[in-house]
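Morning, everyone. Let me put the model up, and then I'll go through charged side chains.

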Amino acid sequence: MTAALDSNLEKYNDPTVVAAYAAMGDLQPCEKVLFDRHLIPGMAILDIGVGGGRTTPYLSQVAGRYIGVDYSIAMVDAGRERFPNVEFRHCDATDMAQFADGEFDAVLFSFNGIDYIPDDARRARCLAETARVLKPGGIFIFSSHNAGLLGLWPMLA
């Protein structure tokens, strides 16, 4: 593990950070739009970087099968405690070997989670793994920081 990955994982296992994420409950407005537009009731949905389960109430209601995953065991435990009837698993987005090829109709990686993967090689592995676990024609919804957009923000508001 790299130092960046170690410190990131340490942060997301910190009890204070876990408690903060477990207290979150609302979708971001753009998530609601994307989910409503692209997710079909009954889909098999994989929610990567689920944290304390912020997206779980919405997605688990839409899904025919819903699994929330996080690479922080403390976050997985928080999700399980908060939603005992929902499936949560410990999983790194760069290695989803526990899932079969084409297992999901939709994969989500919200809250800029992909940006916290510390290098381009691992991000590429995440994208390859996501493509592998998606069914043909499946959908991948993710968010990412975009520093270039900050200069345009006044024009978009």
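How many salt bridges does a search of the whole structure find? Ten. By salt bridge I mean a side-chain nitrogen of Lys or Arg within 4 Å of a carboxyl oxygen of Asp or Glu.

Ground rules first. This is a predicted model, where local features need pLDDT of at least 70, side-chain atom pairs count only at pLDDT 80 or more, and totals for chains, interfaces and linings use all residues. Residues are numbered from 1 along each chain as its sequence is written, and side-chain values use heavy atoms, with hydrogens and water left out. Helices (H or I, at least four residues) and strands (E, at least two) are DSSP runs, numbered from the N terminus.

Now some of the pairs. E103 bridges to R65, with the closest N and O atoms 2.7 Å apart. That pair links distant parts of the chain: E103 sits in the loop between β3 (87-90) and β4 (104-109), R65 in strand β2, 38 residues apart. R65 counts as partly exposed because its relative accessibility is 31%. The cut-offs: buried is under 20% relative accessible area, exposed is over 50%, partly exposed is in between, using a 1.4 Å probe and protein chains only.

K135 pairs with D105 at 3.3 Å between the closest N and O atoms. Again, distant parts of the chain are linked: K135 is in strand β5 (residues 134-142), D105 in strand β4, 30 residues apart. K135 has a relative accessible area of 32%, so it is partly exposed.

R80 and D77 are a local case. Both lie in helix α5 (residues 73-82), three residues apart, about one turn of the helix. R80 is partly exposed at 40%, and D77 is partly exposed at 40%.

There is also a network of salt bridges, linking D101, E129 and R132.

Now D70, in strand β2 (residues 65-70). Which side chain of opposite charge is nearest to D70, and how far away is it? R54, at 10 Å. Here Lys and Arg count as positive, Asp and Glu as negative; His and the chain ends are not counted. D70 is buried, yet has no salt bridge.

What does lie by the D70 side chain? A polar atom of that side chain is 2.8 Å from the backbone nitrogen of G51. For the backbone nitrogen of S72, the distance to a polar atom of the D70 side chain is 3.0 Å.

Definitions and conventions. A polar contact is a pair of N or O atoms within 3.5 Å; within protein, one must be able to donate a hydrogen and the other to accept it, and residues adjacent in sequence count only if both atoms are side-chain atoms.
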